[in-house]
Structure formats: structure tokens, C-alpha cells
Amino acid sequence: MTFPETTPKAALPEAAVPETSLRETTLREMTWRDIPALAALEPALFADDAWSERTWWAELAGRPRRSYVIGEQSGTVVGYAGVDCRGDVADVMTIAVSPPAQGQGLGAVLLHWLIAEARRAGAEHLMLEVRADNVVAQRLYVATGFAMLSVRRKYYQPGDVDALIMRMHLWDMTEDATETRAEDVPK
């Protein structure tokens with residue numbers, strides 16, 4: 001899919017593509033041929049938490065339960081995202097944007113793709129974890145409708161960085177995402 005000024009090849013399910021300044025970015029399904037590029041990009045994005053080629057092979061073998069998308073510019077991978085849909089709860093497996101493409105809206109486009117995939121699969125909730133020191137990602141998640149659920153202390157190693165566990169209810173997205181419902185209050 002090329003956005004926003006051209007007609008998409010295939011519409012993303014229930015996804016409104018957010019405005020972005022990345023006019024030549026295309027979203028497409030991730031393939032096995034992308035693995036070397038992904039493994040090369042991971043260390044620049046996640047340092048100690050980078051996925052290896054072996055991990056990517058295992059992730060793509062998890063289809064159809066797992067879905068992955070690539071953001072590409074002129075044949076170069078500039079972002080990617082994946083979701084695991086297993087019933088009522090879907091989990092964001094990864095979402096990343098290469099340093100040169102950051103701050104231009106691709107992260108929001110990828111996040112909306114993840115939400116649409118989870119909804120298409122019939123999930124009621126979408127979960128993710130984010131480093132407590134990744135304020136930019138946290139802002140994106142909160143602005144999109146995620147709320148913090150809990151904290152996993154010292155989850156990311158080395159460095160003893162906490163993981164914030166966040167959840168989004170996938171009900172009608174026209175409702176106020178910040179509204180607290182009785183069933184959302186921990187018992």
C-alpha cells in the first residue's frame with residue numbers, strides 16, 4: 001500500500017492510515033527474503049534486545065497466527081511490525097522504524113496496521129510492552145488509545161530497565177479510548 005495520495009493495492013482491514021510525511025513508503029507483507037535486512041537493522045534499533053536471523057525465521061514460521069508487515073522506501077526496509085493473534089488477546093511482537101525514517105509518522109501507520117490486524121482476527125484486546133525509558137513510543141501508544149496495565153521491574157537486561165505493559169480495548173474505536181469502564185478496573 002502506498003499512502004496517502006495513491007490508491008492502495010489492498011485495503012488494510014478497518015485501518016485509517018494516519019497522515020505521514022513519508023510519501024514514498026509502501027507497506028507490504030514481510031517475507032523470508034527480508035530476514036537479512038531485518039537482522040542487520042535490529043542492532044541499531046534494539047541493541048541488546050535485537051532479534052537474530054534465527055529469531056526472525058521462528059517468528060515468520062508462526063504464521064498464520066502471527067502477521068508481519070514491512071515499511072519500505074525505494075526497496076529499503078525503513079520499518080516493520082508484527083502481531084500475534086491468539087484468540088481474545090493479541091500481542092504486539094515488534095514495531096520499529098529505522099533512525100532516518102523516525103519522526104515522520106511511519107510508527108503510527110505501523111501501529112494502526114497492528115490494531116487492524118488484531119481486530120480482523122477477532123481479538124478484544126491488544127497488548128504490548130515498552131521500555132520505561134522509551135518516552136516517544138509511550139506517547140504514541142497513549143495517543144492511540146493504549147493504557148498502562150502493569151510494570152515488569154528490571155525486565156530489559158542489561159540495564160535493569162522496567163517494561164511497561166500496556167493494553168488497548170478493541171471495541172468501537174469511535175468511543176473515548178480514555179473512558180474507564182467497570183470491567184477495566186482491576187479486582
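Is E72 buried or exposed? E72 is buried, at a relative accessible area of 18%. The model is predicted, and the values below are computed from it.

**Salt bridges**

The count of salt bridges comes to 12. One of them joins E72 to R28, with 3.0 Å between the closest N and O atoms. E72 belongs to strand β2 (residues 66–73) and R28 to strand β1 (residues 25–29), so this pair ties together parts that are 44 residues apart in sequence. R28 is partly exposed, with a relative accessible area of 23%, whereas E72 falls in the buried class because its 18% is under 20%.

E117 forms a salt bridge with R120, and the closest N and O atoms are 3.0 Å apart. Both residues lie in helix α3 (residues 106–120), 3 residues apart, which is about one turn of the helix.

D162 and R153 also meet through their side chains in a salt bridge, at 2.8 Å from N to O.

Salt bridges also link E59, R65, R66 and D84 in a network.

**Accessibility of the paired residues**

| Residue | Relative accessible area | Class |
|---|---|---|
| E117 | 8% | buried |
| R120 | 48% | partly exposed |
| D162 | 18% | buried |
| R153 | 62% | exposed |

In the helix α3 pair, E117 is buried and R120 is partly exposed. For the other pair, D162 is buried, while R153 counts as exposed because its 62% is over 50%.

Methods:
Residues are numbered from 1 along each chain as its sequence is written. This is a predicted model: local features need pLDDT of at least 70, side-chain atom pairs count only at pLDDT 80 or more; totals for chains, interfaces and linings use all residues. Side-chain values use heavy atoms; hydrogens and water are left out. A salt bridge is a side-chain nitrogen of Lys or Arg within 4 Å of a carboxyl oxygen of Asp or Glu. Helices (H or I, at least four residues) and strands (E, at least two) are DSSP runs, numbered from the N terminus. Buried means under 20% relative accessible area, exposed over 50%, partly exposed in between (1.4 Å probe, protein chains only).
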